[in-house]
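I opened my notebook to look around a structure that was new to me. Here is what I looked up, entry by entry.

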Amino acid sequence: MSDLVPPDIMPLRQGTVGVDFVTGLDSGVPGPNLVINALCHGNEICGAIALKRLMRLGVQPSRGRLTLILANVAAYQRFDPLRPLASRYVEQDFNRLWSESLLDGDGVSVELQRARMLRPFYQQADALLDLHSMTQFCDPLMLCGRTERARNLALSLQFPRWVVADSGHAAGRRLIDYGAFSVPDAEAAKGAAAPIALLAECGQHGLAAAAEVAFALCLRFLDHFRLIPSSVIAEAMPAIALTPQKVVIVTDVVTAQSDECVLAADYAGLDRVPHAGTIIGHDQGLPVRTPYDDCILIMPARKVRRGQTMVRLGRILS
Ligand SMILES: [Zn+2]
C-alpha cells in the first residue's frame, strides 16, 4: 500500500554548491553547520518530500548553514511504485559504504561514486539528520548509534517515541557512524571534534504519515539548533502527538548466515518478546532465540540474504 506520490526532485537538482541535488543555504552568520539527508535509499521517498516541503517553505537559516542533500538519486530515478523495494540501490547499499577503506579504495559503483562526491558535506557537518523509512508498518524510531551526545539530541527533539542505540550492521558502516560522527564521547570531552548524527526511520515506505514525521523532524532539528525562527517552525509544524520517549539499547545484531533465514512470526518491529529462549526465527534450519526476558525486536526483516541484518535485539533502558 502506498499513499505517497514520488516527488519531482528536479527543482532540487540545481544546487548552490556545484554538486547536483545538494542545496547549501548559508546565513553568513556564525552558527552550526547542519545537514539533512534524504534518499540514502532510493525507495525511501518520505525524506525527499520533506526536503521539498522545506524548500517550499522558503527555509533560510538566520545563523549557521543548512545543507539539504538527496543522496542516492540514481536509485530513486529507477523508482517503480509497482516494485518499490527494487530501487533501494543500484549496485551497492549507499548506507553501508561509510569507512575510509571503502571510500578511498579502488572499488567502483554508482553508489561509491556518489558517496565520494558527497563525503565533504558530511565531513563538515556539526549535525546530520538522515531520513529513512521502513519496509514494515512500525512506529517511527530514531537510531542514534552509540554516543551519548546523539542519544541526548534524539531526546531533545522529544520525538519520535522510540530511540534506539545501536552499532550498525555487519554488512558495512552506515553514514551516521562515519568518521567523527562515532568519535567516543570521552574523546569529545578532550577536545576532539564530535559532530552528531541521527538516522530517523519515519514509518513505512510510501505512507503519508512517514512524510509528516520526516517533515516534523526536520523542523524540530532546525529548531533545536535555532537555525530558523521559532515563529516559522510553529506555523509549519504538523500536529504530532508527543509521548514520553523510550530508549532501547541494542545488545545483539542477528546477521543472516544463509539465504534461508526466516522469522517465526509476522513481527511488525518493536515487538516485545516476554520470555528468554523464545524462538523468533530460523537460519540454516537452526532456531534463533531471544537471549533474555522482555527482548525488543528492532526492524525484523522478512527477506534477507546471507550477511544482511535479520533483526536487532534490545532492552528498554529504565
Ligand atoms: Zn533506509
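This is a predicted model: local features need pLDDT of at least 70, side-chain atom pairs count only at pLDDT 80 or more; totals for chains, interfaces and linings use all residues.

Entry: On the helix 1 side I noted C46, G47, I49, A50, L51, R53 and L54. Their partners in helix 7 are A210, A211, E212, A214, F215, C218, L219 and L222.

Next I looked up how the pair is set. In general, two packed helices are described by the angle between their axes and the distance between the axes. For helix 1 and helix 7 (residues 208-224), I read an angle of about 50 degrees, with the axes 8 Å apart. That makes helix 1 oblique to helix 7. I also jotted down that the crossing of helix 1 past helix 7 is right-handed.

**Entry: the buried side of helix 1.** Which residues of helix 1 are buried? I listed C46, G47, A48, I49, A50, L51 and L54. These buried residues pack against helix 7, and also against strand 2, strand 3 (65-70), strand 4 and strand 7 (196-204). After helix 1 comes G58, and I noted its positive phi, near 75 degrees.

**Entry: the zinc ion.** Which protein atoms are the donors of the zinc ion? I found H41 (ND1), E44 (OE), E44 (OE) and H132 (ND1), at 2.1 to 2.5 Å from the ion.

Along the chain, the donors follow the spacing H-x2-E-x87-H. E44 sits in the loop between strand 2 (33-38) and helix 1 (46-56), while H132 is in strand 4 (residues 127-134), so this pair ties together parts 88 residues apart in sequence. Are E44 and H132 buried or exposed? I wrote down buried for E44 and buried for H132.

**Entry: T23.** I then turned to T23, which lies in strand 1 (residues 22-26). T23 counts as buried because its relative accessibility is 6%, and the cut-off is under 20%. Leaving out residues up to four places away in sequence, I saw that T23 touches L12, G15, T16, M55, L66, T67 and L68.

**Entry: M10.** My last stop was M10, in the segment before strand 1. With 40% relative accessibility, M10 counts as partly exposed. I also checked M10 against V163: they are 153 residues apart in sequence and 33 Å apart in space, C-alpha to C-alpha.

Note on methods
Residues are numbered from 1 along each chain as its sequence is written. Side-chain values use heavy atoms; hydrogens and water are left out. Donors are N, O and S atoms within 2.8 Å of the metal (3.2 Å for Na, K and Ca); water is not among the atoms, so sites may look incomplete. Helices (H or I, at least four residues) and strands (E, at least two) are DSSP runs, numbered from the N terminus. Buried means under 20% relative accessible area, exposed over 50%, partly exposed in between (1.4 Å probe, protein chains only). Axes are lines fitted to C-alpha atoms, for helices over the stretch in contact, and angles run from 0 to 180 degrees between N-to-C directions. Angles under 35 degrees count as roughly parallel, over 145 as roughly antiparallel, 65 to 115 as roughly perpendicular and the rest as oblique. A crossing is left-handed if the near helix is turned anticlockwise from the far one by less than a right angle, and right-handed if clockwise. Contact means heavy atoms within 4.5 Å.
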